[in-house]
Amino acid sequence: MSNNNGTTNQYVVFNLENEYYGVNINYVETIEKVSAITRVPKAPYYVKGVINLRGEVVPVIDIRKRFNLPDSDITDNTRIIILSVEEMIMGIIVDSSSEVITISKDLIENTSNLINSSEDDYINGIGKIENRMIILLDVHKIFDLKAS
């Protein structure tokens, strides 16, 4: 069941390096506290490892490394957002996540004219809500990017 309609979309908002990011709620399975992560030898640089999520092995991506942000310690607020994309289940580590918001499509700014780098490959747009700017991510592109 979609939580989006023709004029609005719902997003799970998370914090990363003091910025707000959003992923479409239709891709979010659950949000988990960080548990034991098992490293995987020779995995791409951005793969933190795998977790055992209720009997299922789930790869976990360190989104900070994916976005070329500095490393950060895992705190009580750190979460793993479990996403389901094209029948793949993957987790992304974020600094914190605590809200779901609805953004009207007319409040989303297209970034293709604003950002001129490879970073905009996985940015769908910038949502403007209240006094915040929320970077809306395209999870398909995040998972499709190859390690450099």
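Tutor: Let's begin with pairing: two strands pair if DSSP finds at least two bridges between them. Helices (H or I, at least four residues) and strands (E, at least two) are DSSP runs, numbered from the N terminus. This is a predicted model, in which local features need pLDDT of at least 70 and side-chain atom pairs count only at pLDDT 80 or more, while totals for chains, interfaces and linings use all residues. Residues are numbered from 1 along each chain as its sequence is written, and side-chain values use heavy atoms, with hydrogens and water left out.

Student: Okay, what is the order of the strands in the open sheet?

Tutor: The open sheet has 6 strands in the order E8-E1-E2-E11-E10-E9, and the pairing is mixed. Strand E8 (96-104) and strand E9 (108-109) are at the edges with a single partner strand each, so one side of each is left without a neighbour in the sheet.

Student: Which residue in E8 is the bridge partner of Val-12?

Tutor: That partner is Val-100, and E1 and E8 run antiparallel, joined by 8 bridges. E1 is also joined to strand E2 (residues 19-24) by 6 bridges, again antiparallel, with Tyr-21 in E2 as the bridge partner of Phe-14.

Student: And is E1 largely enclosed or left open?

Tutor: In strand E1 (residues 8-16), 7 of the 9 residues are buried, so the strand is largely enclosed by the rest of the structure. Buried means under 20% relative accessible area, exposed over 50%, and partly exposed in between, using a 1.4 Å probe and protein chains only.

Student: Which residues touch the most others in the largest nonpolar core?

Tutor: They are Phe-14, Leu-83, Ile-92 and Leu-137, out of 25 residues in that core. Elements that give two or more residues to the core include E1, E2, strand E6 (79-85) and strand E7 (88-94). A nonpolar core here is a set of buried Ala, Val, Leu, Ile, Met, Phe, Trp, Tyr and Cys residues joined through side-chain atoms within 4.5 Å.

Student: New topic: how many salt bridges does the structure hold?

Tutor: There are 5, where a salt bridge is a side-chain nitrogen of Lys or Arg within 4 Å of a carboxyl oxygen of Asp or Glu. One of them joins the side chains of Arg-64 and Glu-17, at 2.7 Å from N to O. Arg-64 is in helix H1 (residues 63-66) and Glu-17 is in the loop between E1 and E2, so this pair links distant parts of the chain, 47 residues apart.

Student: Are those two buried or exposed?

Tutor: Arg-64 is buried, with a relative accessible area of 7%, whereas Glu-17 counts as partly exposed at 33%.

Student: Which other salt bridge reaches between strands?

Tutor: Glu-99 forms one with Arg-132, the closest N and O atoms being 2.7 Å apart. Glu-99 lies in strand E8 and Arg-132 in strand E11, so the pair ties together parts that are 33 residues apart in sequence.

Student: What about the positive phi at Lys-42?

Tutor: Lys-42 has a positive phi of about 60° although it is not a glycine, and its place is in the loop between strand E3 (28-33) and strand E4 (47-53). With 89% relative accessibility, Lys-42 counts as exposed.
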